[in-house]
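Subject: Structure handover

Hello,

Please find the structure below, for your own work. My notes on what was found in it follow.

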Amino acid sequence: MEVFSQQFILSRDADHTIDGFERWRLSDWHFSAGNGLRVATHFHDRLALNIAVLGIAVDKNDIVLDSTTLAAATAKMKDYGEVAKYLSECAGRYAFVLIDTQNARIYGDPGNTLGFVFDIDTGTVGSTLHLTINRRIIANDDYPLAYPAAINAGPRFAFGHTADARVKRPLGNHYLDLHSLETHRFWPTESTVLEVSEDDTAAEEAAVETFFERHQSVIATLAKSFTPTILPLSGGRETRLLLAAALENRDDVDFMFSHVTNWATSLDVAVARLMASAVGRDMTTINGKDAVQELADAGGIMQMREAAKFSRGFRPRAAPIADSTLAVTQMVPEGGILLRGYTTDLLKAVLWERGINRYGNGEPHDRRHGLKMLFLTGNDRSKGLQKYGQYSEEPWFLNAYGEWMETLPVSARGRIYDFQFMEQFQAHGHGESLYSNTRNFYMGPGNDRAIYAAAVSLPPVRRRKLVYHARILKRYATALSEIPYNNDIKLLSEQERDDAGLEFPTNFK
């Protein structure tokens, strides 16, 4: 089924699969996956180790893992731990399974963006809820916001909860032990460098270089390995960093586009056109309204809505995802990969907000503010709090947040906002939502633990002031450094926009 084409199932039950999935045997486990998900497998004879890598993983040497390269890379490794460490240091959107005579585990990428959940009764693991169970959903009465989260009404799941009381989601940087069905943190460790002093210029520069140059090498590898490679452009900071990182290999990027559905996104298109022109590339503008009409004329709107809901594991009564959002995804070339910049949010200390002041004053982390910055009642915080209450004051949430905090090593305690972005926001967000985009394989090239550690280590005050964005563009992509962002052009008059050469889509100016 196309709706589950990029998803997988891992079960002890050979019959727990769906028609059309390819099947593999991993020791006592039966693994199956859709034809839109890359799978690399290898049995390591010397270690008696079954290895499966799902999705797209680029190792530290900029090699895309397939069954051949996986076998070669792990041939001389000494033990289970060395293989796990090697695979955990890859960039991309992936998960991997390691099963030997003693251990059986599944690991995810840093944000678990190739998400998976597991049934604590059967031990079955699946990409999403509907693939993991073959029974009716058992309502989750433990999580206070479970029902509105399950029907896509605004609130979000967190702390490993799902719509089903017996199905849990591992958070980022935790592996699932397939024997005990317990999750365990494996990164970061106490030795991971996660803080750079504002006075240590050399260390700061090294972190910036690691962050950006690893982006460059991963994008170069991906663009040479996958066709089409697609890069969306907008007026924000994330796609500009990706374009800057792709600059040396921009001719290997097959398709660049921006999309417009309203006045706000028309700003994105205007800025994106300046960026494309600055680097000498063509860019396609996709009109979301036209895309919806095209699908409606073809009779595909209802099918698209239902497929998007089920691919993400929503309950049948869930509110639909916006038609224009879904329709745009159908207007790009089919296949290959689509690069997303969500992993660069750490470079602007995205969830810190008022936490910056407490950090600067040497005050301890405020759990209540940390909870607020998870936006568990939805993106519109004011509206969500009015409807669902001050969840950040409730003991259940405070206890759950505290228990998660306690899993962080001391080395990470000064960067709690960053790790909640990685481990909570991404696992419960992109780990679910990216499955609805089956036309292409969506991934963040910066989803890499070396990149995350470098970004997190930089002083949050400077990140919040966007110092490093400016520094990177000035050093690596001068042509992009002077182009305004969409927030800048909101303040310009119509004449000033014309003078700046901003070209808006028709009917959206």
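**Helix H9 and what follows**

H9 is followed by Gly313, whose phi is positive, near 85 degrees. Please keep in mind throughout that this is a predicted model. Helix H9 itself spans residues 301–311, and its buried residues are Ile301, Met304, Ala308, Lys309 and Ser311. An α-helix has 3.6 residues a turn, so residues three or four places apart point the same way. In H9, Ile301 and Met304 are among the buried residues, as are Ala308 and Ser311. The cover over the buried residues of H9 includes helix H8 (288–297) and helix H10 (323–329).

**The six-stranded sheet**

Six strands form an open sheet in the order E2-E3-E1-E9-E8-E10, with antiparallel pairing. Its edges are taken by E2 and strand E10 (167–168), each with a single partner strand, so one side of each has no neighbour in the sheet.

Strand E3 (residues 29–33) has four of its five residues buried, so the rest of the structure largely encloses it. It is joined to strand E1 (residues 8–11) by four bridges, the two running antiparallel, and to strand E2 (residues 22–26) by five bridges, again antiparallel. Phe31 of E3 is the bridge partner of Leu10, and Phe31 also has Trp24 opposite. The hairpin of E2 and E3 has two residues between the strands, and there Ser27 takes a positive phi near 55 degrees.

Elsewhere in the sheet, strand E8 (residues 117–119) and strand E9 (residues 125–126) run antiparallel and are joined by two bridges. Val117 stands opposite Gly126 of E9.

**Nonpolar cores**

The largest nonpolar core has 137 residues, and the ones that touch the most other members are Phe8, Leu87, Leu98 and Phe159. Strand E5 (residues 49–58) gives the most to this core, with eight residues. A second, separate core has ten residues, among them Ile230, Phe255, Ile286 and Val332.

What does Leu98 touch, leaving aside residues up to four places away in sequence? The contacts of Leu98 include Leu49, Asn50 and Ile51, then Tyr80, Val83, Ala84 and Leu87, and also Asn103, Ala104, Arg105 and Tyr107.

**Pocket and cavity**

The second largest pocket has a volume of about 560 Å³. It is lined by 26 residues, of which Lys85, Glu89, Trp187, Thr192 and Arg449 are the closest to its centre. Four elements each supply at least two residues of this lining: helix H2 (80–88), strand E7 (104–108), helix H5 (201–225) and helix H17 (449–457). By class, the lining of the second largest pocket has twelve nonpolar, seven polar and seven charged residues.

There is one cavity of 30 Å³ or more. The largest cavity holds about 50 Å³ of space. Its lining consists of Arg156, Phe157, Ala158, Leu374, Leu376, Gln424, Phe425, His428 and Gly429. These divide into five nonpolar, three polar and one charged.

Regards

Terms used. Residues numbered from 1 in each chain as written. Predicted model: local features only at pLDDT ≥ 70, side-chain atom pairs only at ≥ 80, totals over all residues. Heavy atoms only, no water. 1 Å grid on protein atoms, 1.4 Å probe; cavity = no way out; pocket = protein on both sides within 12 Å on 5 of 7 lines; lining within 4 Å. Points joined across faces, edges and corners; volume = space filled by probe spheres on them. Nonpolar A, V, L, I, M, F, W, Y, C, P; charged D, E, K, R; others polar. Core = buried A, V, L, I, M, F, W, Y, C linked by side-chain atoms within 4.5 Å. Buried < 20%, exposed > 50% of the residue type's maximum accessible area, 1.4 Å probe, protein only. Contact = heavy atoms within 4.5 Å. Pairing = 2+ DSSP bridges.
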